[in-house]
Amino acid sequence: MKKTQTIRVLTAMLIMTLLLTSLPTTVFAAQTSEGGGTSTQSVMVPTTRRYWTYTKKDAGTGTSGGWELFYEGEPVTAAGETDTAAAGVSYTHTYSGSFGVGVKDKVQGELGYSFGKTTEFSVSRTSRALKKGEYVKAYYMKNYKLTTIKQTEYKNVSGWKQSYPGGPYTYIDETSATGNEKTATAKQAILPKLKLEYFSSTTATSAAMAMQINGFSEKPAYVEYYDYVDGQYVLVDTEVRQ
(Lines give C-alpha, C1' and ligand atoms only; values in the text may rest on other atoms or scores of the structure.)
Protein backbone atom coordinates (compact mmCIF):
# COMPACT_ATOMS: atom_id res chain seq x y z
CA MET A 1 0.00 0.00 0.00
CA LYS A 2 2.81 2.39 0.91
CA LYS A 3 4.56 1.51 -2.32
CA THR A 4 1.43 2.46 -4.33
CA GLN A 5 1.14 5.80 -2.52
CA THR A 6 4.80 6.53 -3.15
CA ILE A 7 4.34 5.89 -6.87
CA ARG A 8 1.31 8.20 -6.94
CA VAL A 9 3.23 10.97 -5.19
CA LEU A 10 6.18 10.67 -7.57
CA THR A 11 3.83 10.70 -10.58
CA ALA A 12 2.09 13.81 -9.30
CA MET A 13 5.43 15.57 -8.76
CA LEU A 14 6.56 14.68 -12.29
CA ILE A 15 3.36 16.06 -13.81
CA MET A 16 3.71 19.27 -11.78
CA THR A 17 7.34 19.68 -12.95
CA LEU A 18 6.35 19.29 -16.59
CA LEU A 19 3.56 21.84 -16.21
CA LEU A 20 5.86 24.38 -14.57
CA THR A 21 8.59 24.05 -17.22
CA SER A 22 6.05 24.51 -20.02
CA LEU A 23 4.83 27.86 -18.71
CA PRO A 24 6.09 31.08 -20.42
CA THR A 25 8.74 33.35 -18.96
CA THR A 26 7.75 34.87 -15.66
CA VAL A 27 8.85 38.01 -13.87
CA PHE A 28 8.66 38.27 -10.09
CA ALA A 29 7.11 41.56 -9.04
CA ALA A 30 7.37 42.90 -5.50
CA GLN A 31 4.20 44.49 -4.11
CA THR A 32 3.74 46.38 -0.83
CA SER A 33 1.10 44.91 1.48
CA GLU A 34 -1.21 46.96 3.68
CA GLY A 35 0.88 46.10 6.72
CA GLY A 36 3.97 47.65 5.16
CA GLY A 37 5.63 44.35 4.20
CA THR A 38 6.20 43.05 0.71
CA SER A 39 4.82 40.06 -1.12
CA THR A 40 6.06 38.51 -4.35
CA GLN A 41 3.91 37.20 -7.18
CA SER A 42 4.80 35.84 -10.62
CA VAL A 43 3.69 37.75 -13.72
CA MET A 44 3.81 36.25 -17.23
CA VAL A 45 5.55 38.53 -19.73
CA PRO A 46 5.42 38.11 -23.56
CA THR A 47 8.74 37.90 -25.44
CA THR A 48 9.65 40.75 -27.82
CA ARG A 49 11.92 40.04 -30.79
CA ARG A 50 13.16 42.51 -33.42
CA TYR A 51 14.44 41.48 -36.82
CA TRP A 52 15.13 42.84 -40.32
CA THR A 53 13.77 41.71 -43.67
CA TYR A 54 15.15 42.86 -47.02
CA THR A 55 14.75 42.76 -50.77
CA LYS A 56 17.50 42.90 -53.40
CA LYS A 57 17.26 44.59 -56.81
CA ASP A 58 19.75 44.72 -59.68
CA ALA A 59 20.78 48.35 -60.19
CA GLY A 60 23.01 47.96 -63.25
CA THR A 61 26.63 49.11 -63.16
CA GLY A 62 28.43 52.18 -61.89
CA THR A 63 31.92 53.66 -61.65
CA SER A 64 33.88 55.15 -58.78
CA GLY A 65 36.69 57.69 -58.76
CA GLY A 66 38.47 59.15 -61.77
CA TRP A 67 40.73 57.81 -64.50
CA GLU A 68 43.95 56.23 -63.18
CA LEU A 69 47.04 55.92 -65.39
CA PHE A 70 48.36 52.37 -65.71
CA TYR A 71 50.53 52.56 -68.85
CA GLU A 72 52.56 55.13 -70.81
CA GLY A 73 54.23 54.06 -74.04
CA GLU A 74 57.16 55.39 -76.06
CA PRO A 75 56.90 57.20 -79.42
CA VAL A 76 56.97 54.65 -82.25
CA THR A 77 59.78 54.87 -84.76
CA ALA A 78 57.75 53.96 -87.85
CA ALA A 79 54.22 54.63 -89.08
CA GLY A 80 51.79 51.73 -88.82
CA GLU A 81 53.18 50.28 -85.59
CA THR A 82 50.83 49.53 -82.69
CA ASP A 83 51.33 49.54 -78.94
CA THR A 84 49.68 47.29 -76.34
CA ALA A 85 48.86 48.63 -72.89
CA ALA A 86 48.68 45.79 -70.36
CA ALA A 87 48.73 45.66 -66.57
CA GLY A 88 47.14 44.15 -63.48
CA VAL A 89 44.81 46.47 -61.57
CA SER A 90 42.98 45.74 -58.34
CA TYR A 91 40.22 47.17 -56.17
CA THR A 92 37.75 45.87 -53.59
CA HIS A 93 34.14 44.83 -53.37
CA THR A 94 32.40 47.46 -51.27
CA TYR A 95 29.04 49.00 -50.37
CA SER A 96 27.42 52.30 -49.50
CA GLY A 97 24.61 53.00 -47.05
CA SER A 98 24.00 50.86 -43.96
CA PHE A 99 22.70 47.44 -42.93
CA GLY A 100 20.35 46.31 -40.20
CA VAL A 101 21.51 43.73 -37.64
CA GLY A 102 22.38 40.44 -39.34
CA VAL A 103 21.57 41.60 -42.88
CA LYS A 104 25.09 42.21 -44.20
CA ASP A 105 26.31 38.66 -43.65
CA LYS A 106 23.21 37.19 -45.28
CA VAL A 107 23.54 39.49 -48.31
CA GLN A 108 27.21 38.63 -48.80
CA GLY A 109 26.33 34.94 -48.75
CA GLU A 110 23.58 35.38 -51.32
CA LEU A 111 25.62 37.63 -53.64
CA GLY A 112 28.65 35.36 -53.49
CA TYR A 113 31.33 37.92 -52.56
CA SER A 114 32.64 39.61 -49.42
CA PHE A 115 32.82 43.36 -48.85
CA GLY A 116 36.40 44.53 -48.44
CA LYS A 117 37.92 41.65 -50.42
CA THR A 118 40.33 42.79 -53.13
CA THR A 119 39.96 41.50 -56.69
CA GLU A 120 42.73 41.76 -59.31
CA PHE A 121 42.05 42.13 -63.01
CA SER A 122 44.42 41.71 -65.96
CA VAL A 123 43.57 44.38 -68.52
CA SER A 124 44.98 44.79 -72.00
CA ARG A 125 44.23 47.00 -74.99
CA THR A 126 46.07 47.41 -78.32
CA SER A 127 46.14 50.80 -80.00
CA ARG A 128 45.14 51.56 -83.53
CA ALA A 129 47.96 51.96 -86.08
CA LEU A 130 50.15 54.83 -84.92
CA LYS A 131 51.83 57.59 -86.84
CA LYS A 132 55.59 57.97 -86.59
CA GLY A 133 56.44 59.61 -83.27
CA GLU A 134 52.97 58.93 -81.83
CA TYR A 135 52.49 57.17 -78.46
CA VAL A 136 49.65 56.22 -76.09
CA LYS A 137 48.70 56.52 -72.45
CA ALA A 138 46.21 54.05 -70.95
CA TYR A 139 43.88 54.60 -68.00
CA TYR A 140 41.32 52.57 -66.08
CA MET A 141 38.30 53.53 -64.00
CA LYS A 142 36.89 51.32 -61.22
CA ASN A 143 33.68 49.64 -62.29
CA TYR A 144 31.03 47.84 -60.22
CA LYS A 145 27.93 45.73 -60.56
CA LEU A 146 25.33 47.34 -58.28
CA THR A 147 22.63 45.75 -56.15
CA THR A 148 20.19 47.80 -54.06
CA ILE A 149 19.14 46.30 -50.72
CA LYS A 150 16.03 47.79 -49.09
CA GLN A 151 15.50 46.79 -45.46
CA THR A 152 12.60 47.01 -43.01
CA GLU A 153 12.67 46.28 -39.28
CA TYR A 154 9.82 44.33 -37.63
CA LYS A 155 8.86 43.61 -34.04
CA ASN A 156 7.27 40.34 -32.95
CA VAL A 157 5.58 40.02 -29.56
CA SER A 158 4.56 36.51 -28.53
CA GLY A 159 3.62 34.76 -25.30
CA TRP A 160 0.98 34.86 -22.58
CA LYS A 161 -0.48 38.26 -21.75
CA GLN A 162 -2.85 39.19 -18.95
CA SER A 163 -5.92 41.03 -20.23
CA TYR A 164 -6.18 43.12 -17.05
CA PRO A 165 -4.74 42.94 -13.51
CA GLY A 166 -6.02 39.78 -11.91
CA GLY A 167 -7.67 38.71 -15.16
CA PRO A 168 -7.09 35.65 -17.35
CA TYR A 169 -4.07 35.12 -19.63
CA THR A 170 -4.39 34.85 -23.39
CA TYR A 171 -1.70 33.82 -25.87
CA ILE A 172 -0.64 36.49 -28.40
CA ASP A 173 1.60 36.42 -31.47
CA GLU A 174 1.70 39.88 -33.07
CA THR A 175 4.10 41.24 -35.71
CA SER A 176 4.34 44.87 -36.85
CA ALA A 177 6.79 47.18 -38.62
CA THR A 178 8.77 49.44 -36.28
CA GLY A 179 9.10 52.22 -38.85
CA ASN A 180 12.87 51.78 -39.10
CA GLU A 181 14.14 51.36 -42.65
CA LYS A 182 17.62 51.23 -44.21
CA THR A 183 18.99 51.17 -47.75
CA ALA A 184 22.38 49.90 -48.88
CA THR A 185 24.00 49.46 -52.29
CA ALA A 186 26.29 46.47 -52.74
CA LYS A 187 29.14 47.09 -55.22
CA GLN A 188 30.80 44.06 -56.81
CA ALA A 189 34.14 44.88 -58.44
CA ILE A 190 34.06 43.95 -62.14
CA LEU A 191 36.44 44.62 -65.04
CA PRO A 192 37.18 48.35 -65.27
CA LYS A 193 36.46 50.81 -68.02
CA LEU A 194 39.49 51.73 -70.17
CA LYS A 195 40.65 54.86 -71.94
CA LEU A 196 43.46 55.27 -74.51
CA GLU A 197 44.89 58.70 -75.22
CA TYR A 198 47.01 59.31 -78.34
CA PHE A 199 49.85 61.84 -78.36
CA SER A 200 52.42 62.86 -80.96
CA SER A 201 55.99 63.45 -79.80
CA THR A 202 56.00 66.90 -81.45
CA THR A 203 52.78 67.84 -79.65
CA ALA A 204 54.20 66.54 -76.39
CA THR A 205 57.41 68.51 -76.85
CA SER A 206 55.47 71.69 -77.62
CA ALA A 207 53.18 71.07 -74.67
CA ALA A 208 56.13 70.47 -72.36
CA MET A 209 57.65 73.78 -73.42
CA ALA A 210 54.32 75.55 -72.99
CA MET A 211 53.90 74.00 -69.57
CA GLN A 212 57.29 75.33 -68.49
CA ILE A 213 56.40 78.79 -69.76
CA ASN A 214 52.67 79.07 -69.03
CA GLY A 215 51.82 76.12 -66.78
CA PHE A 216 49.84 74.29 -69.48
CA SER A 217 49.70 70.47 -69.57
CA GLU A 218 49.91 68.30 -72.68
CA LYS A 219 46.65 67.28 -74.31
CA PRO A 220 45.93 64.19 -76.41
CA ALA A 221 44.99 64.55 -80.05
CA TYR A 222 42.66 61.55 -79.99
CA VAL A 223 40.90 59.54 -77.24
CA GLU A 224 39.19 56.12 -77.23
CA TYR A 225 36.85 54.75 -74.55
CA TYR A 226 36.25 51.03 -73.96
CA ASP A 227 33.71 48.97 -71.99
CA TYR A 228 33.92 45.26 -71.25
CA VAL A 229 30.97 43.63 -73.03
CA ASP A 230 30.27 39.92 -73.56
CA GLY A 231 33.79 38.80 -72.72
CA GLN A 232 35.81 41.45 -74.53
CA TYR A 233 36.60 45.16 -74.54
CA VAL A 234 34.51 47.09 -77.05
CA LEU A 235 35.08 50.62 -78.33
CA VAL A 236 32.10 52.71 -77.14
CA ASP A 237 33.18 56.30 -77.79
CA THR A 238 35.92 58.48 -79.31
CA GLU A 239 37.03 62.10 -79.09
CA VAL A 240 39.08 64.17 -81.53
CA ARG A 241 40.64 67.02 -79.61
CA GLN A 242 42.94 68.64 -82.16
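Within strand β8, alanine 184 is the bridge partner of isoleucine 149, and this pairing belongs to the antiparallel arrangement of β7 (residues 134-162) and β8 (residues 169-200), which are joined by 27 bridges. Strands are taken here as DSSP runs of E with at least two residues, and helices as DSSP runs of H or I with at least four residues, both numbered from the N terminus; two strands are counted as paired if DSSP finds at least two bridges between them. The model is a predicted one, in which local features need pLDDT of at least 70 and side-chain atom pairs count only at pLDDT 80 or more, whereas totals for chains, interfaces and linings use all residues. Residues are numbered from 1 along each chain as its sequence is written, and side-chain values use heavy atoms, with hydrogens and water left out.

The hairpin of β7 and β8 has six residues between the strands, and glycine 166 in this hairpin takes a positive phi near 85°. Strand β7 also runs antiparallel to strand β3 (residues 47-72), to which it is joined by 20 bridges; in this pairing, glycine 62 has tyrosine 144 of β7 as its bridge partner.

Five salt bridges are found in a search of the whole structure, a salt bridge being a side-chain nitrogen of Lys or Arg within 4 Å of a carboxyl oxygen of Asp or Glu. One of them is formed by glutamate 153 and arginine 50, with the closest N and O atoms 3.7 Å apart. Because glutamate 153 lies in strand β7 and arginine 50 in strand β3, the pair ties together parts that are 103 residues apart in sequence. Glutamate 153 counts as buried because its relative accessibility is 9%, where buried means under 20% relative accessible area, exposed over 50%, and partly exposed in between (1.4 Å probe, protein chains only).

A further salt bridge brings together the side chains of lysine 56 and glutamate 110, at 2.7 Å from N to O. This pair links distant parts of the chain, with lysine 56 in strand β3 and glutamate 110 in helix α2 (residues 103-111), 54 residues apart. Lysine 56 counts as partly exposed at 38% relative accessibility, and glutamate 110 likewise counts as partly exposed, at 46%. In the salt bridge between glutamate 197 and lysine 195, the closest N and O atoms are 3.3 Å apart; glutamate 197 is buried at 7% relative accessibility, and lysine 195 is buried with a relative accessible area of 8%.

The largest nonpolar core comprises 20 residues, of which Phe70, Val123 and Leu194 touch the most other members; such a core is a set of buried Ala, Val, Leu, Ile, Met, Phe, Trp, Tyr and Cys residues joined through side-chain atoms within 4.5 Å. Two or more residues of this core are given by each of β4 (84-92), β6 (118-126), β7, β8 and β9 (222-229), and the largest share, five residues, comes from β7. When residues up to four places away in sequence are not counted, phenylalanine 70 touches, among others, Ala85, Val89, Val123, Tyr140 and Leu194, contact meaning heavy atoms within 4.5 Å. A second, separate core of nine residues includes Trp52, Val107, Phe115 and Ala184.

Valine 234 lies in strand β10 (residues 232-240) and counts as partly exposed at 31% relative accessibility.
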